[in-house]
Amino acid sequence: MAQIFAYIIHKDGVADDSALELAVAAQAIDPSASVTAIVCGSGIDAVCTEAAASYKEVWKIDSADLAYPNAEVVRKALVNILPKGAVILLPHNTFGMDLGPGLSVKLDTAYVADVVGVEGTDGNNLKLIRQEYSGMVSTHVNADISGGAVITIRGGAFQPDESKGAGGSVTDKSGDAGDLGSKRRFLEVVEAEVGDVDITKSEVLVSVGRGIEDQDNLEIVEELAKAMGADVSCSRPIVDAKWLEKSRQVGTSGQTVSPKVYLACGISGSFQHMGGIKGAPFIVAINKNPKSPIFQLADVGIVADILEFLPELTEAVEG
Amino acid sequence: MNILVCVKRVPDTSENEIEVNSSGSDIERDDLVYSVNEWDNYAVEEAIQIRDKVGGKVTVITVGDDESEEILRREMAMGADEGILLSDDAFEGSDGKGLATILKAEIEKGSYDLIMTGAQADGGAAQVGGMLAAMLDMPYASLVNKIEVLDDSKIKVGREIEGGNQEMNEIDLPCVLSIQTGINEPRYVGIRGIRKVASLDIPVHGAGDLSIDAASVGEAAAKVKRLDYFVPDMGEGAEILEGSTEEIIEKLIEMLKAKGGLK
């Protein structure tokens, strides 16, 4: 088995949750493998020390050119530093998606994106689980890893190992990074606009998705929220259609919320959406499709058309 | 600006329930409604808007069978100037790299300033754009939700990153971008628009036309192969409330009160 590497995402000197999840995913791929964490950035000693608590080995790539994690620049460094045939794990987030496909081409390895499970390794064949069609079906895939692999791992798919007993050592590989000039230059991060309601502070959310069908129907959601004393949030399609402000969107590309109660109305429950719900709220799903993935994720489900059900619920709540 | 947009014909998940067939070898394809991949449609709209602003040409391209021609024609009805269909039995079973290899061969026959894909398609891997860029040695940005043309040699792009934030980058042309939904509002295409482009010629290029070694694409070359489809056992899932609507609402209100969802 090849050497396994885990790419550590970090921000403001702290490693991302994915750092501990990738260590567990690596174990699932090969329990006997030595797993090396890779930390790229500028002024990253604290992150390296943190990573060494969970990984036996940490490779540090410290350069002013890596001050902001631009995937094009990181890829150049990794191509120069990684050994041939390595298996590289990345989180399946906006950085991993930016880096992974091109990295696999430059290293001439297999690429498997958004992995949710590991079935096992048989020689050069690695059997993995992923999903297609917005999570409506799952698939087993076989990756030929004889020449290595780049694999992105879905957030939350592996329970993080919090034991932090690795006692690892940090090796400085910065000198091997090579030329880090790029045709893509980072300019700035534009922070999300703050909306009229801060849904991250809401205790009860009535959240609406594609099942609402038409902008005019939003009224029935607003009426229910008003009757319940809740705030209105939504899934991505509603923001894409410009029916609600971006600040109302729950999900990895929107807000992370932690209400007590979450009413998912006409929402299918993609992992990007569910990734924005933290703190184990009581989730009620109302969806007319009994096979919708949301029914696997909710506490309570109601198979109904929200256009008919919500007005009746509002009436009952109002008494 | 000469813009190429890579598109794909996919089962429309908002119109269909996707189910696994009895043997698990595929999804149930009978009676599926197909359409252009949603992300690709945003990419085509963006390309048309850029062309209308700075001039140039928009070409839409797909790898697929004869039936994929209909989505090229749909995007031409939207306003794309030309369509190209890449089709060959040798392409079947290609993995992401196989698809990128096929697209690269066609792209190298032309001269494009900007190449776009949708951020992802039905397989959810979000991989072809990034692979294509690396093969062409062009810079790449994924999940793009804003494009501003600065001059003939560079553009400014916004990438959607976590938390609703936007990462701004400057990129040299030519480059490859993967486009996120919500970047614009794709225009409506009516049946009349599609009729207007019905007689336009869409060239079909195979492995021979593209000088592609058949062994470098298709199932044999794929390092990643799908073995089966299945529906995972996710445990019990939600407690489904049954009964008349009144009964369901009564139960629900009781639960909401207990969980703090109602005062």
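User: Which side chains does Lys246(A) or Glu160(B) meet in a salt bridge, and at what distance from N to O?

Analyst: A salt bridge needs a side-chain nitrogen of Lys or Arg within 4 Å of a carboxyl oxygen of Asp or Glu. In this predicted model, the side chains of Lys246(A) and Glu160(B) form such a pair with each other, at 3.4 Å from N to O. Across the interface of chain A and chain B, 11 salt bridges are found by the rule. On the side of chain A that touches chain B, the residues comprise 35 nonpolar, 20 polar and 24 charged.

User: How many residue pairs are in polar contact across the interface of chain A and chain B?

Analyst: The rule finds 44 residue pairs in polar contact there, both residues of a pair being at pLDDT 80 or more.

User: What is the area buried between chain A and chain B?

Analyst: The size of an interface is often expressed as the accessible area that is lost when the parts come together. Between chain A and chain B the buried area is about 7100 Å², and carbon and sulfur atoms give 56% of that area. In terms of residues, 79 of chain A are in contact with 80 of chain B.

User: Let us turn to a charged residue. Where is Glu21(A) placed, and which side chain of opposite charge is nearest to Glu21(A)?

Analyst: Glu21(A) belongs to helix α1 of chain A, which covers residues 18-29. Glu21(A) is buried yet has no salt bridge. The nearest side chain of opposite charge is that of Lys278(A), 7.3 Å away, whereas the cut-off for a salt bridge is 4 Å. Apart from neighbours within four places in sequence, Glu21(A) is in contact with several residues, among them Arg154(A), Phe158(A) and Pro160(A).

User: Next, the backbone. What is the value of phi for Glu213(A) and for Ala126(B)?

Analyst: Most residues other than glycine have a negative phi. Glu213(A) has a positive phi, near 70°, and Ala126(B) also has a positive phi, near 55°. Glu213(A) sits in the loop between β14 and α5 of chain A, while Ala126(B) sits in the loop between β6 and α4 of chain B.

User: Are Glu213(A) and Ala126(B) buried or exposed?

Analyst: Burial is read from the relative accessible area, with under 20% counted as buried and over 50% as exposed. Glu213(A) has a value of 47%, so Glu213(A) is partly exposed. Ala126(B) has a value of 11% and therefore counts as buried.

User: Is the peptide bond from Leu173(B) to Pro174(B) cis or trans?

Analyst: Most peptide bonds are trans. The bond from Leu173(B) to Pro174(B) is cis, with omega near -5°. Pro174(B) is in the loop between β9 and β10 of chain B.

User: Why does Thr117(B) count as buried, and which residues is Thr117(B) in contact with?

Analyst: Thr117(B), in strand β6 of chain B, counts as buried because its relative accessibility is 6%. Beyond its neighbours within four places in sequence, its contacts include Cys6(B), Asp40(B), Gly129(B) and Leu177(B).

User: Where is Val189(B), and what is Val189(B) in contact with?

Analyst: Val189(B) lies in the loop between β10 and α5 of chain B. Its relative accessible area is 13%, so Val189(B) is buried. With neighbours within four places in sequence left aside, Val189(B) is in contact with Arg74(B), Ala77(B), Met78(B) and Ile194(B).

How values were computed:
Residues are numbered from 1 along each chain as its sequence is written. Chains are lettered from A and ligands numbered from 1 in the order in which they are written. Side-chain values use heavy atoms; hydrogens and water are left out. Helices (H or I, at least four residues) and strands (E, at least two) are DSSP runs, numbered from the N terminus. Buried means under 20% relative accessible area, exposed over 50%, partly exposed in between (1.4 Å probe, protein chains only). Lys and Arg count as positive and Asp and Glu as negative; His and the chain ends are not counted. Contact means heavy atoms within 4.5 Å. Buried area is the accessible area (1.4 Å probe) that two parts lose on being put together, summed over both. A polar contact is a pair of N or O atoms within 3.5 Å; within protein, one must be able to donate a hydrogen and the other to accept it, and residues adjacent in sequence count only if both atoms are side-chain atoms. Ala, Val, Leu, Ile, Met, Phe, Trp, Tyr, Cys and Pro count as nonpolar, Asp, Glu, Lys and Arg as charged, and the others, Gly among them, as polar.
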